[in-house]
Amino acid sequence: MTDSKLTLPSPELLTGGRAAPRASPRRLVAWYIVGGVVAVLGFLVPLVLRNVHWLDVLGQGLVLGVAATGVGILVRQTGLVNFGAGAVFGGGAYLYAIAVLQLQIDMTLAFLLAMVGITVMAFLVGIITVRTGHLQFAILTIAFASLLVQFVLTQFARPVTGAADGKILQQTGTFFGLSAKAMFQASTFWPVAWAAILIAVAVAIVVERSKLGRIARAIQENEERMLFAGYRVLWPKVAVFTIAGALGGLAGALTAMHYSFVSPSLLDISSGGSILVAALVGGPQSAFGPAIGAILYAIGEDAFGAAGRADLLTGIGIIAAIVLLRRGFVGLIEDVVKLIRRGVAKTRKGSSRVEH
Amino acid sequence: MIATLINSIAFSSLLILVVTGLAVIYGLRGVMNFAHGALYMAGAYLGYTIAQVANFWVALIAVPIVMGLVGFPIEFGVFRPLRKLSPMNIALLTFGAALIISDVILRIFGSAAYTANLAGTGLEGTVDLWGQRYPVYRLFVIVVGIVFSLALFLWLRFSRSGMYVRAVSQDPQTSAMTGINADRIGMWIVCLGTGCAGLAGVLAAPYVAVLPTMGAQMATIALIIVVLGGVGSIGGAILMAVIYGFVTTFGAQFLPEFAAVVPFLVAFLILVIRPQGLGRSRTT
Amino acid sequence: MLSIEGVAVNFGKVQALRGVTMNVEPGVLHGIIGPNGAGKSTLIDVVSGRTAASAGRVRFEGHDISRRSVVWRKRAGISRSFQKTSIFRNETVRDQLELVSALGSDAAVEEIAEALGLGSVMDAVAGTIAYGDQRRVDLALALVGKTKLLLLDEPGAGLSSAETMAMFAHVRELTEKRGITAVIVEHDVDAVFATCDRITVLDLGSVLAEGTPAEVRSNDDVIVAYLGTAA
């Protein structure tokens, strides 16, 4: 998309300040048409894929993808890497659970409340944490996620959170027409998950092309110059963090609805790690990279997770992303396409080439 | 009250050992090692195993040496070849490594909690102090902690390599111009760091529950302490380690409900007010 | 326009500035020269808000701005360039100038770029152009947006004498045309003497002399401390 060299996905390189070279209008329209078709067809997957197990795995992959897209947006626009994404993911889940159990309201309303709550939380945490350097930020996100986990585990919080045992949710009403039972079933959950991922990718595209995105990336490239140019450098970062947090919370709330269950494992570092690795493996420089990474991770986790070795997958994934997959899976595909193109162009030229 | 005080100093001693390793590696190599807790955990499991097979004194000597040696492959296999990577990428790498290490340990040892055996070492049992009985081992940990801190202080303050470490931690760019062999010292420092983590692990083995989750737990705490102390400040990290030890132990005593929450909350609040930590941070 | 009153800056035990007082009249090109370590860049840092003064005050258009933030000062019309080139290497020249001018809603980007000789590189990615051009982009970034007071920190750093002289000429032209006041810290003494209306000489954190180029050139203290015999 931008750099021609194979570079490592260091935050500063994942974005650069440079916007993508404007694709020709025809290309753009082609992409939008393809995107539109994929978007519509996606809803029909359960009609084609009958295997409930795989539908379930992929559905969870989509939800993970929503959270991963949030992390991806944050990395791309600000260079900040959220190691503790479990905080917003689990946070959204628990807020939903609290709304359902304590306030005894129906699913849709509980969902909306949870979304508002997690957005506010992300905003407040964002103001505190984005002011620091990249490394401190990473550590702070770990600290905050750990804080939430420890709090949830206390006896004090037990009545509301269920502490280590978690909480089973008795959900009432419907979520946009779907009952809790429908939300649990893979085939009926799928459209919800698909809609969510479409929203997430759309948000990523909008942020990328918006003024906010441009300013955030410029701040990432040269914060001091932006400051001396008169930009308040804090707020764009806070805005991006809040958006990313909202997406994470969305994924968490959907997870809670799907399983009718919340537990501290949604909040912890392992959970955050899987969200992060999905974003990195997929490639945060594109809007749909993290989604692809999440699906890959979900498929992988199906094998590793059953044996309780999800952390191993996450660890290997991160290292592979840093050392091998430099620009993520999407970057890999792009590079392969480029190589193919170059190869094709060379063979075309080859016949008329003059040897020197 | 005194018991809590002794417990907190003992815990602080462990934290000082871990945090020193983390801070010097960061100071010299610019790498924030998210796998430092995993090294501590490896030291603990290794210590437990050796104590089972031989005895604890052997473990106490062997583990720091073994873990120190682990520094070589880390320095030559990871830090040097991957020098071109940005600090964030290396941090991510160590984060991934930590996850893998904890999985491997879970595989080998299972999820049961172990405690190293002190039988026959002379460190078991309690001793009578001020009319109360205190575990000898805790006092031993405190002694080790004090000796280590003293040695560290003297080294940093008065030796050439120590002064260099301090200089580079504070201001890497200027220090690079002084011409000391950075790479050689860097290598020894990494080994010192991993050795310290190992020592902390083997010291912890007889008195905390040795679990596959202890690595992530210690890593989180150590990272927070380093940030609180001001990234790049070794003295700051040690000071915050002591404070953190106190807050955690006394917090557990007086607010047992929130034992685990209090330190994180306090840390977070401090960082709200002063995001760069309380110590003197690096200049670059 | 700008009034620096008794400004002192201490970095721990090091006194970078000791009680500096100087005035800059509107519309004037005011140069600051001095040997290394004189505190010239620190003075710019204090006026632009990057460094807080340990003592003393800075007044801009009569108001005390000592406690004001960098962002506030920029919006009030104080702009600066950097000794160590601070541009957006991954953006095109045009894009970054537009980005920075967006806040001041100044449509003169093209004009300023042309005046600084950047017309040919406008659509090039800043990281790929020549160092001299990059210095001028740094300068342009300071100029776009509504600037009343321009602070230039060694604009000629890394440039040849001829290039520096040319840059000063550009600055002179632009400031006269747009009625901007400029304070220029510079090492290249010739360029300063040739272009500036008034000059302040700093040495070891204090003002050694101030006046017109002619006055400063013939000042004994300055000759002894700094200019040597070939003044």
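A word of caution before we start: the model is predicted.

Let's begin with chain C and its four-stranded sheet. The sheet is open, and the strand order is 2-1-4-5. Pairing is antiparallel. Strand 2, residues 14-24, sits at one edge, and strand 5, residues 63-64, is the other edge strand. Each of these pairs on one side only.

Now look at strand 1 of chain C. With strand 2 it makes seven bridges, and the two run antiparallel. One pair to find on screen is V9(C), whose bridge partner in strand 2 is L17(C).

What about strand 4 of chain C? Strand 4 covers residues 55-60, strand 1 covers residues 2-11, and five bridges join them in the antiparallel sense. Here I4(C) stands opposite V58(C).

Next, helix 1 of chain C, residues 40-48. This helix lies across strand 1, strand 2 and strand 4 of chain C. Against strand 1, the angle is about 115°. Keep this helix in view. We will meet it again.

Which strands here pair in the parallel sense over five bridges? Strand 7, residues 149-153, and strand 8, residues 181-185, both of chain C. Within that pair, L151(C) has V183(C) as its bridge partner.

Now the contacts between chains. Take A and B. Chain A puts in 36 residues, and chain B puts in 33 residues. On the chain A side, four helices each supply at least two residues: helix 1 (11-15), helix 7 (134-153), helix 14 (269-282) and helix 16 (310-323). Which helix of chain A gives the largest share? Helix 7, with 13 residues. By class, the chain A side has 21 nonpolar, 11 polar and four charged residues.

Then chain C against chain A. Here 16 residues of chain C are in contact with 15 residues of chain A. On the chain C side, helix 2 (70-76) and helix 3 (93-101) are the elements that give two or more residues. Helix 2 gives the most, with four residues. The chain C side holds eight nonpolar, four polar and four charged residues.

Last stop, the core. The largest nonpolar core has 278 residues. Which residues have the most contacts inside it? They are Y96(A), V18(B), V19(B), I225(B), V226(B) and A140(C).

Let's zoom in on V18(B). Set aside its neighbours within four places in sequence. V18(B) is then in contact with H36(B), Y40(B), C196(B), A197(B), A200(B), M218(B) and A222(B).

Methods:
Residues numbered from 1 in each chain as written. Chains lettered and ligands numbered in written order. Predicted model: local features only at pLDDT ≥ 70, side-chain atom pairs only at ≥ 80, totals over all residues. Core = buried A, V, L, I, M, F, W, Y, C linked by C-beta atoms within 7 Å. Buried ≥ 20, exposed ≤ 12 C-beta atoms within 10 Å, placed from the backbone. Contact = placed C-beta atoms within 7 Å. Pairing = 2+ DSSP bridges. Axes fitted to C-alpha atoms, helices over the stretch in contact; angles between N-to-C directions. Nonpolar A, V, L, I, M, F, W, Y, C, P; charged D, E, K, R; others polar.
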